[in-house]
Every structure is written in C-alpha cells, then in structure tokens.
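Trainee: I am new to this one. Please pick a single part and take me through it closely, step by step.

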Amino acid sequence: QVQLVESGGGLVQTGGSLRLSCAASGRTFSGYNMGWFRQAPGKEREFVGCISWNGANTWYADSVKGRFIISRDNAKNTVYLEMNSLKPEDTAVYYCATTRGWTGVATDYDYWGQGTQVTVSS
C-alpha cells in the first residue's frame with residue numbers, strides 16, 4: 001500500500017495563492033504518475049491535473065490551466081500543487097492520488113490521500 005498525506009490547505013481571499021503538498025510513503029514513489037482532484041460539497045470529484053513519474057509532463061483541467069502548477073520532488077517523496085489567482089469556485093477539498101496511467105478519471109487512480117480543505121472567500 002501507499003499512504004498519501006496532503007497539507008497546506010486553508011482560507012485565502014479571491015486572487016490569492018496557496019501551495020499544497022502531498023507527502024507519500026514508500027520507496028517506489030518515483031514510479032507513479034500523480035494526480036490532483038478536488039471535490040466541493042454536493043458535487044462530483046473533479047480532475048485538477050496530473051504529473052508524470054519523472055516530472056517531465058503535466059496536464060491540467062481547463063478550469064485551472066494557466067493558474068495552477070503541479071511539480072514533484074522525488075527525493076522528498078512529495079508532489080506540489082501551486083494555486084494562483086484563486087477564485088471562489090476553487091473552494092473544495094483537494095486530494096492527491098496515484099496512477100500507473102495518464103488519465104483524468106478518478107476511478108483510474110489507485111491510492112488516495114485524506115484531502116485538505118481549500119476555501120476561497122469572495
């Protein structure tokens with residue numbers, strides 16, 4: 001099994017920035033592609049973006065493209081989600097997850113963190 005722990009969430013104002021971290025356990029972290037998802041109350045889990053195992057490739061949902069940046073530091077077993085120009089509609093619980101594929105579908109991901117709350121005030 002893989003354990004993932006998200007951190008860095010909080011309350012920010014519209015237009016602000018926040019960086020989330022996802023710390024992974026296990027010595028094979030570098031072998032996974034990693035994704036970020038979010039879920040607002042009453043809504044389905046939504047794909048945010050993903051990054052390849054070596055960090056060479058990223059893919060973002062249209063709703064966050066140009067505002068969010070995903071990166072990873074395999075030496076620290078950590079993936080990051082840098083969030084800029086935040087909007088109230090970005091308010092959600094944010095999750096990181098692992099996959100062996102290249103996909104924006106939640107059911108294609110295998111291991112999930114517990115999530116961290118991001119709230120953007122209007």
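Mentor: Start with a term. Two strands count as paired if DSSP finds at least two bridges between them. Keep in mind that the model is predicted.

The part I pick is an open sheet of six strands. Its order is β2-β10-β9-β4-β5-β6, and the pairing is mixed. The edges are β2, residues 10-13, and β6, residues 58-60. Each has a single partner strand, so one side of each is left without a neighbour in the sheet. On average, neighbouring strands here are turned by 25° against each other, direction ignored.

Go to β4, residues 33-39. Seven bridges join β4 to β9, and the two run antiparallel. Take one of these positions: Asn 33 has Thr 99 in β9 as its bridge partner. β9 itself spans residues 92-99.

Now the other side of β4. There β4 pairs with β5, again in the antiparallel sense, over five bridges. Arg 38 stands opposite Glu 46 in β5. The two strands form a hairpin, with six residues between them. Gly 42 sits in that turn, with a positive phi of about 80°.

Stay with β5, residues 46-51.

Next comes β6. Three bridges join β5 to β6, and these strands also run antiparallel. Ile 51 has Thr 58 in β6 as its bridge partner. β5 and β6 make a hairpin too, with six residues between the strands. In this hairpin it is Gly 55 that takes a positive phi, near 80°.

Now go to β10, residues 116-121. Thr 116 is in this strand. Is Thr 116 buried or exposed? Its relative accessible area is 10%. The cut-off for buried is under 20%, so Thr 116 counts as buried. Its side chain reaches the backbone nitrogen of Gly 9 at 3.2 Å. What else does Thr 116 touch, leaving aside neighbours within four places in sequence? Its contacts include Glu 6, Ser 7, Gly 8 and Leu 20. Ala 92, Val 93 and Tyr 94 are also among them.

β1 and β3, residues 18-24, run antiparallel and are joined by four bridges. Ser 7, a contact of Thr 116, has Ser 21 in β3 as its bridge partner.

Arg 72 is buried yet has no salt bridge. The nearest side chain of opposite charge is Asp 73, 8.4 Å away. What polar partners does the side chain of Arg 72 have? One is the backbone oxygen of Ser 52, which lies 2.8 Å from a polar atom of the Arg 72 side chain. Another is the side chain of Asn 74, in a polar contact at 2.8 Å. Beyond four places in sequence, Arg 72 touches Asn 33, Ile 51 and Gly 55, among others. Other contacts of Arg 72 include Phe 29, Tyr 32, Trp 53 and Tyr 80.

Finish with two loops. Most residues other than glycine have a negative phi. Asn 77 has a positive one, near 55°. It lies in the loop between β7 and β8, residues 78-83. At 22% relative accessibility, Asn 77 counts as partly exposed. Ser 85 is not a glycine either, and its phi is positive, about 50°. Its loop runs between β8 and β9. Ser 85 is partly exposed, with a relative accessible area of 41%. That loop takes you back to β9, the strand joined to β4 by seven bridges.

Technical notes:
Residues are numbered from 1 along each chain as its sequence is written. This is a predicted model: local features need pLDDT of at least 70, side-chain atom pairs count only at pLDDT 80 or more; totals for chains, interfaces and linings use all residues. Side-chain values use heavy atoms; hydrogens and water are left out. Buried means under 20% relative accessible area, exposed over 50%, partly exposed in between (1.4 Å probe, protein chains only). Lys and Arg count as positive and Asp and Glu as negative; His and the chain ends are not counted. A salt bridge is a side-chain nitrogen of Lys or Arg within 4 Å of a carboxyl oxygen of Asp or Glu. A polar contact is a pair of N or O atoms within 3.5 Å; within protein, one must be able to donate a hydrogen and the other to accept it, and residues adjacent in sequence count only if both atoms are side-chain atoms. Contact means heavy atoms within 4.5 Å. Axes are lines fitted to C-alpha atoms, for helices over the stretch in contact, and angles run from 0 to 180 degrees between N-to-C directions.
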